[in-house]
Amino acid sequence: MQPRNMSMSGVVDLAAVKAAQEAKAKAEQARAEAARQGGGGGGGGVSPASLVIDVDEAGFERDVLQRSTEVPVVIDFWAEWCEPCKQLSPVLERLAAEYNGRFVLAKIDVDANQMLMQQFGIQGIPAVFAVVAGQALPLFQGAAGEAQIRGTLDQLVQVAEERFGLTGLVVDPDAEPGSAPAEAAEAPAGPYDALLEAAVQALDAGDFGGAVQAYKNVLSDDPGNTEAKLGLAQAELLQRVAGADPQQVRKDAAERPGDAQAQIAAADLDLVGGHVEDAFGRLIDTVQRTAGSHRDAVRLRLLELFEVVGADDPRVIAARRALARALF
């Protein structure tokens, strides 16, 4: 089974974001309930043995891609003949137990699963990847010290929770190995759930103006609401491109490389089409070509597009650095 990106290309799927927020709330509630019951005894979660699993090509879809929508999955590519693997694998297994459900360790024998090795582009082992919400991320290759591994895992867990709402699995020491996590009780509806749901439905129906207003209504009372800020940025983007003529927009941008508004319109189309680096690169180039209010307009639009993609996205981080160089 070929690894694939299960998220939308470039533009954030707001329905998935809302589902992630709900999953986060349920996971937190389940953890609290497990703690209240004295560690979760009585079948409230997965067994510690379920935190380290052997995965093959046939089970990759279920055991890695699907599971990564609930918890980060760290993949250890290894082989019996690999001496560094014999040093690294026990460390990863011990840390999987220590992190107590914050990630799952999937062990893949490259000799038996060469297709997966090729799909991940692995040139040598040991090689360690992570899959979070269906997205594959290289972590490190070759031997690594425990301090480095811990630092990498800490960053992975933080990004998974803050960006995707993945707080991990509830671990029950008394659960049978291989048992499925118990369903957490439904989290109570938040004060803005109805408005946020209405905004998502408006987006699905193509009512971008209605979605914009619904998100603004939430932000007027709760300016720090992360989901509403993300939703507003995407809804405004979709509203801007809804009536555009793509061919004319591309033509104008090609003929007027120094025209701030022409480049801004083309960057919007780039992003909606999933061409994230093209959108960012276009606007950074335009920042370098323009000055005054035109330059400010381009810079502000670029910051808005950063909101759509997400502050933790590596493409946003790289573009922020490039923007700083262009400005200063």
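Predicted model: local features only at pLDDT ≥ 70, side-chain atom pairs only at ≥ 80, totals over all residues.
Residues count as buried when their relative accessible area is under 20% and as exposed when it is over 50%, with partly exposed residues in between.

- Helix 7, which covers residues 208-221 and has 14 residues, reaches 21 Å from its first C-alpha to its last, close to the 20 Å expected at 1.5 Å a residue.
- The buried residues in helix 7 are Phe208, Ala211, Val212, Ala214, Tyr215, Val218 and Leu219.
- Seen down the axis of helix 7, these buried residues fall within an arc of 165 degrees, so they line one face of the helix.
- An α-helix has 3.6 residues a turn, so residues three or four places apart point the same way.
- Ser220 and Asp221 are exposed, and they are carried on the face of helix 7 that is turned away from its buried side.

**Aromatic pairs**

- The count of aromatic pairs in the model comes to six.
- One of them is formed by Phe60 and Phe120, whose rings are 6.0 Å apart centre to centre, with 75 degrees between the planes, an edge-to-face arrangement.
- This pair links distant parts of the chain, since Phe60 belongs to helix 2 (residues 60-66) while Phe120 lies in the loop between helix 4 (114-119) and strand 4 (127-132), 60 residues apart.
- Phe60 counts as buried because its relative accessibility is 0%, and Phe120 is buried as well, with a relative accessible area of 10%.
- Ring pairs also link Phe60 and Phe120 with Phe77 and Phe129 into a cluster.

Terms used: Residues numbered from 1 in each chain as written. Heavy atoms only, no water. Helix = DSSP H or I, 4+ residues; strand = E, 2+ residues; numbered from the N terminus. Expected span 1.5 Å × (residues − 1). Buried < 20%, exposed > 50% of the residue type's maximum accessible area, 1.4 Å probe, protein only. Arc of directions from axis to C-beta. Phe/Tyr/Trp six-rings, centres within 6.5 Å; stacked < 30°, edge-to-face > 60°.
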